[in-house]
Amino acid sequence: MARKIMIQEIISPQAIVASLDASAKKQVLQDIAGFAAPLAGVDSLAVFDVLWEREKLGTTGVGSGIAIPHGKMAGLGDVQGFFARLAQPIAFESIDDKPVDLVFLLLAPADAGADHLHALATVSRLLRDPRLCEAIRRAKDESAIYRLLTEAPTAQAA
């Protein structure tokens, strides 16, 4: 039986930005890579390169204002998540052509196998809840966003 991954296993309160100021998709990926890299113990340029290469395969803008950029890279011990609410929605070439304002970055070890996919499914299921996303958009700060992400009924696993 596949291991269930709970959102609390992949994100910490320190891994959230309540207002990331960026005006373009590439800048969002650069900025979130720069934010995530020291927390993950990896190089920010390496994170950006992994994200940009993945983005070239197809957009990670999944619709409804949400993007879930993700990738695998050496140097990580486990799957790690990082969340950013953008100060202003930006064009992200999303599947529904709507601008993005909620970004959940997932980084996985190069050899993560199914854990990467299970984490991606957990995040996707979580952010598919429109009420949760609206509450995140209204949240006052990082700790409120963390509570919303980790206490949502859909945070409980894939």
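In helix H6 (residues 142–151), the residues Ala-144, Ile-145, Tyr-146, Leu-149 and Thr-150 are buried, where buried means under 20% relative accessible area, exposed over 50% and partly exposed in between (1.4 Å probe, protein chains only). Helices (H or I, at least four residues) and strands (E, at least two) are DSSP runs, numbered from the N terminus. The cover over the buried residues of H6 includes helix H1 (7–10), E1, E5, E6, H4 and H5. This is a predicted model, in which local features need pLDDT of at least 70 and side-chain atom pairs count only at pLDDT 80 or more, while totals for chains, interfaces and linings use all residues. Residues are numbered from 1 along each chain as its sequence is written, and side-chain values use heavy atoms, with hydrogens and water left out.

**The nonpolar core**

- The largest nonpolar core has 56 residues; such a core is a set of buried Ala, Val, Leu, Ile, Met, Phe, Trp, Tyr and Cys residues joined through side-chain atoms within 4.5 Å.
- Strand E6 (residues 100–109) supplies the largest share of this core, eight residues.
- Ile-10, Ile-11, Phe-83, Phe-104 and Leu-149 are the residues with the most contacts inside the core.
- In soluble globular proteins, nonpolar side chains tend to be buried together.

- Contact means heavy atoms within 4.5 Å.
- Leaving aside neighbours within four places in sequence, Phe-83 is in contact with Ile-11, Ala-15, Ile-16, Val-17, Leu-102, Val-103, Phe-104, Ile-136, Ile-145 and Leu-149.
- Ile-16 is placed in strand E1 (residues 16–20) and is buried, with a relative accessible area of 4%.
- Not counting residues up to four places away in sequence, Ile-16 touches Ile-11, Phe-35, Phe-83, Glu-142, Ile-145, Tyr-146 and Leu-149.
- Although Ile-16 and Phe-35 are 19 residues apart along the chain, their C-alpha atoms are separated by 9.1 Å.
- Gln-80 is found in strand E5 (residues 80–90) and is likewise buried, with a relative accessible area of 16%.
- With residues up to four places away in sequence not counted, Gln-80 touches Ile-10, Leu-39, Ala-40, Leu-105, Leu-106 and Leu-107.

**Aromatic pairs**

- Rings of Phe, Tyr and Trp (its six-membered ring) pair if their centres lie within 6.5 Å; planes under 30 degrees apart count as stacked, over 60 as edge-to-face and the rest as tilted. By this rule the count comes to two aromatic pairs.
- The rings of Phe-48 and Trp-52 are stacked, because their centres are 5.8 Å apart and their planes lie at 20°.
- Phe-48 and Trp-52 are four residues apart in helix H3 (residues 44–57), and are therefore separated by about one helical turn.
- Phe-48 counts as buried, at 9% relative accessibility, whereas Trp-52 counts as partly exposed, at 25%.
- Phe-83 and Phe-104 form an edge-to-face pair, 6.2 Å centre to centre and with 65° between the planes.
- Phe-83 lies in strand E5 and Phe-104 in strand E6, so this pair ties together parts that are 21 residues apart in sequence.
- Both Phe-83 and Phe-104 are buried.

**Charges over rings**

- A charge sits over a ring if NZ of Lys or CZ of Arg is within 6 Å of the ring centre and within 35 degrees of the ring normal.
- Lys-25 lies over the face of Phe-92, at 4.9 Å from the ring centre.
- Trp-52 has Lys-26 over its face, at 5.2 Å from the ring centre.

**The largest pocket**

- On a 1 Å grid over the protein atoms alone, a pocket is an open set of points where a 1.4 Å probe fits, with protein on both sides within 12 Å along at least five of seven lines; lining residues have an atom within 4 Å of a point.
- The largest pocket holds about 170 Å³ of space; grid points are joined across faces, edges and corners, and a volume is the space filled by probe spheres set on the points.
- Its lining has 13 residues, of which Gly-63, Ser-64, Ile-66, Leu-127 and Arg-128 lie nearest the centre.
- Strand E2 (61–63), helix H4 (114–127) and helix H5 (130–138) are the elements that give two or more residues to this lining, and H5 gives the most, with four residues.

**Positive phi angles in loops**

- Ser-64 is not a glycine, yet has a positive phi of about 60°. Ser-64 lies in the loop between E2 and strand E3 (66–67) and counts as exposed, at 51% relative accessibility.
- Glu-93, also not a glycine, has a positive phi of about 55°. Glu-93 lies in the loop between E5 and E6 and counts as exposed, at 61% relative accessibility.
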